[in-house]
Amino acid sequence: MLLAVSGGPDSLALLLTASAWHRSLAAAAPQLRVATVDHRLRPEAAEEAAFVAVLAASCGLPHETLTWTPEAKPGNLSARAREGRYALLLSHARRHGLDLVLTAHHLDDDVETHVIRRRNGGDVAASAGMRTLRWLSPDAALGRPFLGIARERLADLVTASGIVAVDDPTNRDQHYDRVRIRLELAADPRRKARARANLRRCKRARDDAERAFARALVDLEETGRLRFAEDGALLSDRAAFAELSPRCAAHLLSRAVVAAAGAPRPPSGQAVRDVSTWLRQGPPRPDARTLGGAIVRIEGGEVVVMREFGRGAIAALSLGAAKALGGRFAAEMDWPVVFDGRFVVDVGPWRALPGARLVPLGLLGKGGIRLRSCPVVVDAEGRARAALAPAARRLGPGIGDLAFEPLTPHLLRRDLDLPEA
């Protein structure tokens, strides 16, 4: 496990609690490490990371400071910092063979997230806030063990230990929506209680909806009405969308788009409902729609959801800089990497090839509507050297076979209470 510890009271409570638990297990304890991310946004951050390093050492735990360098570009800096933080934590976890990253998000964080999403027009699922456990990547999970515990209890634990936590002034900066909401809730206990009750209601509704969807998904797969193609596409009987409830059909479509496109987040709820309604009616005109980086296409009685090629560029991946996955992939492949969020590809045999990259087949002007998004290894001159078996046939003799695994099944089932395939 990897503990993400910033030095604030919440994360120090995580460090103290986890280290006590770790000591109690003695020889049976799993590997536990600590990391602090320095976002280089405040001059005090380096000193705060050093403070955490000393505390971690006093707990007998190894610590490392991970540095994020912000790029000078417009956009939401907080969102970019969050993405950078998780990327650094994930990379660190992989480097040390860890598969669970723990953060100190607590009940008040969850309530604030709920209020923000409600204000932004989020549906019940979005307004259900954070998950106690969710997939961070195909080889690691993100855990939030304090999600049901109030901020005050964590702060009290740290105070009782005699440790003075880091005071981050950005937590009081009212330029941020979250800070303003935090202050509003603190000033009105009844409103805070209502927000907590609404959050619980949304979580129950999300859980109920996901249980119903999971049952439908199992039935669709077991009866062969939902299938996964080798090229990363997802195929379903069109009649299945009409048989499901409108909400369940929209849920299936949203997850199918994320799975086929390798998207980091689902498309907007209204866009999903529009395309889901189009699928449930008939006969459809036109026979294809685009949604969230995917193409949703009607082929006879079948719905095919595949990666869109062209409008949303598929980034090339340099093999020399590619980070290897851990977990079962590391046991099964020499150097497993994720391509476009959709495939785990073993690039081990080609990492030493100068200038080698993974690119989509379509970049070479090859492949049909589905295969052109599949990965190909090219050398520094852009010549194809290896490809997935379906794509290799389009490239002629002498092309090596890439060992791979589509992530479509994993992404479709992600965070559901279902066994992995």
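Predicted model: local features only at pLDDT ≥ 70, side-chain atom pairs only at ≥ 80, totals over all residues.
Student: Why is Val5 called buried?

Tutor: Its relative accessibility is 1%. Buried means under 20%. Val5 therefore counts as buried.

Student: Where does Val5 sit, and what does Val5 touch?

Tutor: Val5 is in the loop between strand 1 (2–4) and helix 1. Leaving out residues up to four places away in sequence, Val5 touches Ser11, Leu12, Leu15, Val34, Ala35, Thr36 and Val52.

Student: What makes Ala26 exposed?

Tutor: Ala26 has 55% relative accessibility. Exposed means over 50%. So Ala26 counts as exposed. Ala26 belongs to the loop between helix 1 and strand 2 (33–38).

Student: What is the phi of Ala26?

Tutor: Phi is near 50° there. That is a positive value in a residue other than glycine.

Student: How do you know that Arg40 is exposed?

Tutor: The relative accessibility of Arg40 is 54%. The cut-off for exposed is over 50%. Arg40 therefore counts as exposed. Arg40 lies in the loop between strand 2 and helix 2 (45–58). Its phi is positive, about 55°, although Arg40 is not a glycine.

Student: Why is Thr290 called partly exposed?

Tutor: Its relative accessible area is 39%. Buried is under 20% and exposed is over 50%, with partly exposed in between. Thr290 therefore counts as partly exposed. Thr290 is placed in strand 9 (residues 288–291). The C-alpha atoms of Thr290 and Pro70 are separated by 33 Å, with the two residues 220 apart along the chain.

Student: What makes Arg265 exposed?

Tutor: Arg265 has a relative accessible area of 53%. Exposed requires over 50%. Arg265 is therefore exposed.

Student: Where is Arg265, and which residues is Arg265 in contact with?

Tutor: Arg265 lies in the loop between helix 10 and helix 11. Neighbours within four places in sequence aside, Arg265 is in contact with Glu83 and Val258. Arg255 is ten residues from Arg265 along the chain, and their C-alpha atoms are separated by 9.4 Å.

Student: Why are helix 10 and helix 11 called roughly perpendicular?

Tutor: Helix 10 (residues 246–261) and helix 11 (residues 269–280) pack at about 110°. Roughly perpendicular covers 65 to 115 degrees. Helix 10 and helix 11 are therefore roughly perpendicular to each other. Their axes are 9 Å apart.

Student: Which residues make that contact of helix 10 with helix 11?

Tutor: Helix 10 brings Pro246, Ala249, Ala250, Leu253 and Ser254. Helix 11 brings Val272, Val275, Ser276, Leu279 and Arg280. By class, the contact has seven nonpolar residues, two polar and one charged.

Student: How do you know that helix 4 and helix 7 are roughly perpendicular?

Tutor: Their packing angle is about 110°, and their axes are 10 Å apart. The range for roughly perpendicular is 65 to 115 degrees. Helix 4 and helix 7 are therefore roughly perpendicular. The crossing is right-handed.

Student: Which residues form the contact of helix 4 with helix 7?

Tutor: From helix 4 come Asp109, Val111, Glu112, Thr113, Val115, Ile116 and Arg119. From helix 7 come Arg178, Ile181, Arg182, Glu184 and Leu185. The classes are five nonpolar, one polar and six charged.

Student: What makes the buried residues of helix 7 line one face?

Tutor: In helix 7 (residues 177–187), Val179, Ile181, Arg182 and Leu185 are buried. Seen down the axis of helix 7, the buried residues fall within an arc of 165°, so they line one face of the helix. The cover over them includes helix 4 (107–119), helix 6 and helix 8 (189–222).

Student: How do helix 1 and helix 6 cross: left-handed or right-handed?

Tutor: Their crossing is left-handed. The axes of helix 1 (residues 9–25) and helix 6 (residues 151–160) come within 8 Å and cross at roughly 60°. The helix 1 side of the contact is Pro9, Asp10, Leu12, Ala13, Leu16 and Thr17. The helix 6 side is Arg151, Leu154, Ala155, Leu157 and Val158. By class, eight residues are nonpolar, one is polar and two are charged.

How values were computed. Residues numbered from 1 in each chain as written. Heavy atoms only, no water. Axes fitted to C-alpha atoms, helices over the stretch in contact; angles between N-to-C directions. Helix = DSSP H or I, 4+ residues; strand = E, 2+ residues; numbered from the N terminus. Left-handed = near helix turned anticlockwise from the far one by under 90°. Contact = heavy atoms within 4.5 Å. Nonpolar A, V, L, I, M, F, W, Y, C, P; charged D, E, K, R; others polar. Buried < 20%, exposed > 50% of the residue type's maximum accessible area, 1.4 Å probe, protein only. Arc of directions from axis to C-beta. Parallel < 35°, antiparallel > 145°, perpendicular 65-115°, else oblique.
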